[in-house]
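Welcome! Take a moment to look over the model below, and then we can walk through a few of its strands and helices together.

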Amino acid sequence: MMASTTSATAAAAAFGAAATAKPRGSSSTICPRVSTGGRRRSGVVRCDASVEVQVQAVAKAASIAALEQFKISADRYMKERSSIAVIGLSVHTAPVEMREKLAVAEELWPRAIQELTSLNHIEEAAVLSTCNRMEIYVVALSWNRGIREVIDWMSKKSGIPASELREHLFMLRDSDATRHLFEVSAGLDSLVLGEGQILAQVKQVVRSGQNSGGLGKNIDRMFKDAITAGKRVRCETNISSGAVSVSSAAVELALMKLPKTEALSASMLLIGAGKMGKLVVKHLIAKGCKKVVVVNRSVERVDAIREEMKDIEIVYRPLSEMYEAASEADVVFTSTASETPLFTKEHAEALPLISDTMGGVRLFVDISVPRNVSACVSEVGSARVYNVDDLKEVVEANKEDRLRKAMEAQTIITEELKRFEAWRDSLETVPTIKKLRSYADRIRASELEKCLQKIGDDNLTKKMRRAVEELSTGIVNKLLHGPLQHLRCDGSDSRTLDETLENMHALNRMFSLDTEKAIIEQKIKAKVEKTQN
């Protein structure tokens, strides 16, 4: 065992050294100079270009040589299966300044995947890049070397030193990496627990991969199962229901207080187009509202919101027309920095009555601190006032409810995780099935040839020869039927899967199939061919 470990270490070291080796003499290449000033510059450019091409060619040759060496040493280097890994950072681990440097635009995902899979130890890759996270999912031939290559790629892309990156990165392996993706897809790792946008972003990773042909078998299946987990969590726990921010609670409360049949047709007024006001518009859109009147001191902020949110009609009214706009509104949201109330009892009493179809009551939803709507407005019979404290109770109750639902979601995620891991485990038997079939066919062909030589071609008609060949094939198929049946399972039954894997290892030993080495050599051969091309 010690000798094997030493050999593996030596092979790995040789592989790493060859992959990073610089071409001899590349740092001291001297360019010939041309006597005239104008032509000197031209000559240097040509020389630099020539040297660069030579350096790239030598580096490529070194990489191919390293991979070839890795292939030769495959039996000693690594016999465990490839690892699934996630390397990334999120709003929980890194500041926005670092996240934005690492962000990959959606149209560049295929290129990033191509670059990642061209790394020596990376077989498959996917990129999930949003405003809150940048995560790279890979299938790595070697855990340590694969992680190092990905971090170096991230460092080169962002210009951030690898040592600084490591302080903010998280790295998860196999079942932990898969569980993380499932939790992300379910919204359990989001700032707002259960938010739905991340599920759409996970779906987009799959669509992008399908369009570019970039996702491998393991990553593709993992992301599709993550989408299933995300859908199940939202459907079976309803975790995304209930407002968990003041602005979303304001909209939810207003719609709840309006008659259900008329809620979406109510006249909505927003006073203040700041950050909170903008979020109110966003949540109105999410609830299906089609029009909102916005009163603000300047039109620029309203224009900016209108440009960003095109799914709703936004009508601007200047601050001087605030009370006129309020007289036409069924619901008034207030979100300004005013230190004095915008609406007093006298203002509310002066407003016209609301129609009975809308409940006969004008709603004031005040999300400002200090308050924009005086408490005495609630004394007016045709008005109802809700302030931040009323909304906080809704938010806190919904947060507690979502936390309970998150615990329920973990049960669903565990179920989907078991299904994925069972599927991945079942793939281990495929090389053994192929090897056993190939082994039996070689014996059949060899023995059939001996038999035919003994009989002689002159003594066999074409029909007789075909009958003998079919007889040999039939015997082999009958003999293999039992063993092959015990190597096949759908991965849904853990007991059957465990038995299948035991059978696989037994057959590997009995027939010296050596599938582990064959798998590694096949993977390395693919990497070598890709590098050569």
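Which residue in strand 9 does Val331 stand opposite? Val331 faces Leu363 there. Keep in mind that this is a predicted model.

Let us stay with strand 8, which covers residues 331-334. Val331 and Phe333 point one way from this strand, Val332 and Thr334 point the other way, and all are buried. Strand 8 pairs in the parallel sense with strand 5 (residues 268-271) over four bridges, and Thr334 is the bridge partner of Ile271. Strand 8 also pairs in the parallel sense with strand 9 (residues 362-366), again over four bridges. Together with helix 15 (residues 345-350), strands 8 and 9 make a right-handed β-α-β unit.

Four strands form an open sheet in the order 2-3-1-4, with antiparallel pairing. Strand 2 (122-129) and strand 4 (170-173) stand at its edges; each has a single partner strand, so one side of each is left without a neighbour in the sheet. On average, neighbouring strands here are turned by 15 degrees against each other, direction ignored. Strand 2 and strand 3 (residues 133-140) run antiparallel and are joined by seven bridges, with Ala126 opposite Tyr137 in strand 3. Two helices pack on this sheet, touching strand 2 and strand 3:

| Helix | Residues | Angle with the direction of strand 2 |
|---|---|---|
| Helix 5 | residues 109-117 | about 150 degrees |
| Helix 9 | residues 197-212 | about 145 degrees |

Finally, a word on cysteines. The count of disulfides comes to zero. Cys376 is partly exposed at 23% relative accessibility, and Cys451 is partly exposed with a relative accessible area of 32%.

Notes: Residues are numbered from 1 along each chain as its sequence is written. This is a predicted model: local features need pLDDT of at least 70, side-chain atom pairs count only at pLDDT 80 or more; totals for chains, interfaces and linings use all residues. Side-chain values use heavy atoms; hydrogens and water are left out. Buried means under 20% relative accessible area, exposed over 50%, partly exposed in between (1.4 Å probe, protein chains only). Two strands pair if DSSP finds at least two bridges between them. A crossover is right-handed if, with the strands pointing away from the viewer, the path from the first strand over the helix to the second runs clockwise. A disulfide is a pair of cysteine sulfur atoms within 2.5 Å. Axes are lines fitted to C-alpha atoms, for helices over the stretch in contact, and angles run from 0 to 180 degrees between N-to-C directions. Contact means heavy atoms within 4.5 Å.
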